[in-house]
Amino acid sequence: MTPSRDISRLLEIMAALRTPDGGCPWDLEQNFASIAPYTVEEAYEVVDAIARGDLDDLCDELGDLLLQVVFHARMAEEQNAFTFGDVVEAITAKMIRRHPHVFADSDGKVAASDVKGTWERIKAEEKAERAARRPPEKKPHQSLLSGVKAGQPALARAMELQRKASSVGFDWNDPRAVLHKIREEADEIEAALDQGDASELADETGDLLFALVNLARHIGADPEMALRGTNAKFERRFAFIERALATEGRSLESASLAEMDALWNEAKSEE
């Protein structure tokens, strides 16, 4: 098996990895649910490469993301559900359908300002068609929140759920009210800690995260970007601790928490 620029070679490689006799044991153990976290992770790797402006890395990460699509399609093909070709056909049909101003049979043109409106209208029509195809007993309740995509990252989805609810007045008018809610959720976590109930702790932690997203929304901050910034800050300060200890010929394991905390504060003061 040799590398190729042809997508068919990637499909052949995945088929070989999933072949019961002679395939890869790890790949054969996977299913849609077990692969899903890797799919999300690879999408974030693409975003990270873009943020860093590293086009060589972007090329590599896009390949990893493409592999995820091929992996899911192969598992679906094994279940006679759909193939990679069906995925390609579906998205090409969708793009043609959603861009009538580009692929129209007539010479009709759509102004740039009207493109988004056309896109949203066609998406709504497609959604209605999918809903109509579902068996009556499976049709979901059409809530105001039904249009918020379930597959997006939790922080982004929390933000969108809150925006939707806010559109009908279900919201606070003052960020300080959200801050009060955050304190309330922190108190509930403390009560759950006293009870030692792991399930309750997880539930209350989720409530606190949701409230923090709400605060970010009210002050005009993107919670994902804010957390990315804090992650980078944590890495910088922790690296400072490592370097400071290394200059003394010491390891992290040899330092006490109090020593590391003092170095952390030193790093913080220098920023």
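Predicted model: local features only at pLDDT ≥ 70, side-chain atom pairs only at ≥ 80, totals over all residues.
Buried means under 20% relative accessible area, exposed means over 50%, and partly exposed is anything in between (1.4 Å probe, protein chains only).

Residues are numbered from 1 along each chain as its sequence is written, and side-chain values use heavy atoms, with hydrogens and water left out.

**View 1. Confidence along the chain, as pLDDT (the predictor's confidence in each residue, from 0 to 100).** Mean pLDDT for the chain comes out at 89, with 92% of its residues at 70 or more. Helices here are DSSP runs (H or I, at least four residues), numbered from the N terminus. Helix 4 (residues 55–78) has the highest mean pLDDT of the chain's elements, at 97, while helix 7 (residues 112–133) has the lowest, at 70.

View 2. Leu 155 sits in helix 8 (residues 154–166) and is partly exposed, at 23% relative accessibility. Setting aside neighbours within four places in sequence, Leu 155 touches Val 213, Pro 223, Glu 224 and Leu 227. Val 88 is 67 residues away along the chain, and its C-alpha atom is 29 Å from that of Leu 155.

**View 3. Salt bridges (a side-chain nitrogen of Lys or Arg within 4 Å of a carboxyl oxygen of Asp or Glu) between Arg 52 and Asp 54, and between Arg 176 and Asp 174.** The whole structure has 17 salt bridges. Arg 52 and Asp 54 pair at 3.5 Å, N to O; Arg 52 is partly exposed at 42%, and so is Asp 54 at 28%. Arg 176 and Asp 174 pair at 3.7 Å, N to O. Here Arg 176 is exposed, at 63%, whereas Asp 174 is partly exposed, at 31%.

**View 4. The salt bridge between Arg 237 and Glu 271.** Their side chains meet at 3.0 Å, N to O. Arg 237 belongs to helix 11 (residues 223–247) and Glu 271 to the segment after helix 12 (257–270), so this pair ties together parts 34 residues apart in sequence. Arg 237 is buried, with a relative accessible area of 10%, but Glu 271 is partly exposed, at 48%.

**View 5. A salt-bridge network.** Shared partners link Arg 18, Arg 74, Glu 77 and Glu 78 into one network of salt bridges.

Note on methods
Helix = DSSP H or I, 4+ residues; strand = E, 2+ residues; numbered from the N terminus. Contact = heavy atoms within 4.5 Å.
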